[in-house]
Structures are given as structure tokens and as C-alpha cells.
Amino acid sequence: MMRRCDHSDLETIYTIINDGAQAYKGVIPTDVWKEPYMSKEELRHEIEGGVVFWGYEEGGEIVGVMGIQHIQDVTLIRHAYIYTEKRRQGIGSKLLSYLREQTSRPILIGTWADAIWAIRFYEKHGFRLVTQEEKGRLLKKYWSIPERQIETSVVLADPKWFNNFKWENKTKGY
Ligand SMILES: CC(C)(COP(=O)(O)OP(=O)(O)OC[C@H]1O[C@@H](n2cnc3c(N)ncnc32)[C@H](O)[C@@H]1OP(=O)(O)O)[C@@H](O)C(=O)NCCC(=O)NCCS
């Protein structure tokens, strides 16, 4: 059901991302929307940069993908997309739970501030939004994205990140 994607899945990942990203059309600011939402070159660049995609298969076909990227002291969940007709059937939850088991580091997720459904999805899984100030710092530290995307995004973190954050600030005397 769940398998690690390889180079032969590139076309499928590309198709699912661009199908899934239609959800953003007319919702996120028009100046950050483009079609295709992610080009094949951008996708290759993400994979070369360390994003490992996992796919959820149904009847031998991948119907949803989610990426994981270990970077510095955290793990990022990247590019979560389920085929439009396969949404809200628990596939995203299965992928997320599976990927969470692959790391003992704090997990961070970035998404568009206007993608309310995605924020709800992650909140349902125990992630919480970090403050505006913290979001800017994290997106600059762990992601390579344009300034406009930083402005229009949010970051969610898991309980481990919040616990570490509180502990670090306590030791700094905040
Ligand atoms: C976000 C996404 C990956 C979740 O995967 P999924 O398989 O649909 O999610 P699940 O079925 O496991 O979980 C569903 C829960 O997510 C939230 N959710 C998902 N889609 C939603 C929607 N359109 N409206 C409101 N809540 C939604 C709800 O909490 C929902 O629970 P509910 O059905 O009990 O209300 C998927 O909907 C998707 O690909 N969306 C478009 C692309 C996107 O936003 N990606 C996130 C990039 S960070």
C-alpha cells in the first residue's frame, strides 16, 4: 500500500501534485499561483535537494504522495497531495502517520495560509501553528522559498518541536 517512490514514478508524482494543487486555484493569492503549479524541473530539483516521496497505492496505482526531508535538526513534511477524487478517505492521514514514524526529530510543515483545509488536516494530527514571527525564522532557516511565499505561508509544528522550543527558551532565560 505504502511505498517509497523512485525515478520511475516521477511522471506520476508530477501528475498527482498538479492535480492536487488545483485546490489552491482561486484561493491562494493570484501572484503565487502558476500552472503547472510545479514543473518537472522543480520537482527534480526538490528530489535532488533531499525530498523523498512516498506513495500510497490502490490497485497497483499511486493515488497520493507525500515527501519527507531531513534537514539540519528537524524533519520537514513536503508536498502532500492526494488525487482530488481520492480525498477525505483517510489516505493523507495514512501517509502522514507512516512518515512520522520515520523520524525522531521535531517535524515542521509549511503550507499556504489560505489552505484552511490543509491546516485543519495537520491540526487534526496534533500539529499546531507557530507564531508569525517564528514562521518567518523557520521558513528562512529550513526552506529555500521566495520572500513572497514566506509572507503567504504558515508553519505548523508537532508537539516535540513545541517542547524543544519551550525548553530552549527556558535555558536562555526567556
Ligand atoms: C490535505 C490533503 C493532503 C489531506 O489528505 P486526505 O487524504 O484528503 O485527508 P484524510 O482523508 O486523511 O483526512 C481528512 C481530514 O483532513 C481535513 N480536510 C481534508 N480536506 C478537507 C477539505 N476539503 N475541507 C475541510 N477539511 C479537509 C479534515 O480535517 C478531514 O477530516 P474529516 O473528513 O473528518 O472532516 C489532501 O486533501 C490534498 O491533497 N489537498 C490538496 C492539496 C493540499 O492542500 N496539500 C497540502 C500541502 S501542504
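**Entry 1: ligand contacts**

I began with the ligand and found one of its oxygen atoms 2.7 Å from an N or O atom in the side chain of Lys 124. I count such a pair as a polar contact, that is, N or O atoms within 3.5 Å; within protein, one must be able to donate a hydrogen and the other to accept it, and residues adjacent in sequence count only if both atoms are side-chain atoms. I then looked up Arg 88, where a polar side-chain atom lies 2.7 Å from an oxygen atom of the ligand. For Tyr 24, I noted a polar side-chain atom 3.5 Å from a ligand nitrogen atom. Taken alone, the ligand exposes 900 Å², and the protein buries 80% of that (Shrake-Rupley method, 1.4 Å probe; for residues, only the protein chains shown count as cover).

I record here that the model is predicted: local features need pLDDT of at least 70, side-chain atom pairs count only at pLDDT 80 or more, and totals for chains, interfaces and linings use all residues. Residues are numbered from 1 along each chain as its sequence is written, and side-chain values use heavy atoms, with hydrogens and water left out.

**Entry 2: the shell around the ligand**

I found 20 residues surrounding the ligand, the closest being Arg 88, Gly 90, Ser 93, Trp 117 and Lys 124 (near means a heavy atom within 4 Å). Helix 4 gives the largest share of this shell, 5 residues. I take helices (H or I, at least four residues) and strands (E, at least two) as DSSP runs, numbered from the N terminus. By class, I recorded 10 nonpolar, 7 polar and 3 charged residues in the shell (Ala, Val, Leu, Ile, Met, Phe, Trp, Tyr, Cys and Pro are nonpolar; Asp, Glu, Lys and Arg charged; the others, Gly among them, polar).

**Entry 3: strand 2 and its partners**

I next examined strand 2 (residues 52–58), which is largely enclosed by the rest of the structure because 5 of its 7 residues are buried (under 20% relative accessible area, 1.4 Å probe, protein chains only). Strand 1 (residues 2–4) pairs with strand 2 in the antiparallel sense over 3 bridges; pairing requires at least two DSSP bridges. Within this pair, I noted Gly 55 as the bridge partner of Arg 3. Strand 3 (residues 61–71) runs antiparallel to strand 2 and is joined to it by 7 bridges. Here Glu 57 has Ile 62 as its bridge partner. The hairpin of strand 2 and strand 3 has 2 residues between the strands, and Gly 59 takes a positive phi near 55°.

**Entry 4: the whole protein**

I counted 7 helices and 7 strands in the protein. Buried residues make up 45% of its 174 residues.

Methods: Buried means under 20% relative accessible area, exposed over 50%, partly exposed in between (1.4 Å probe, protein chains only).
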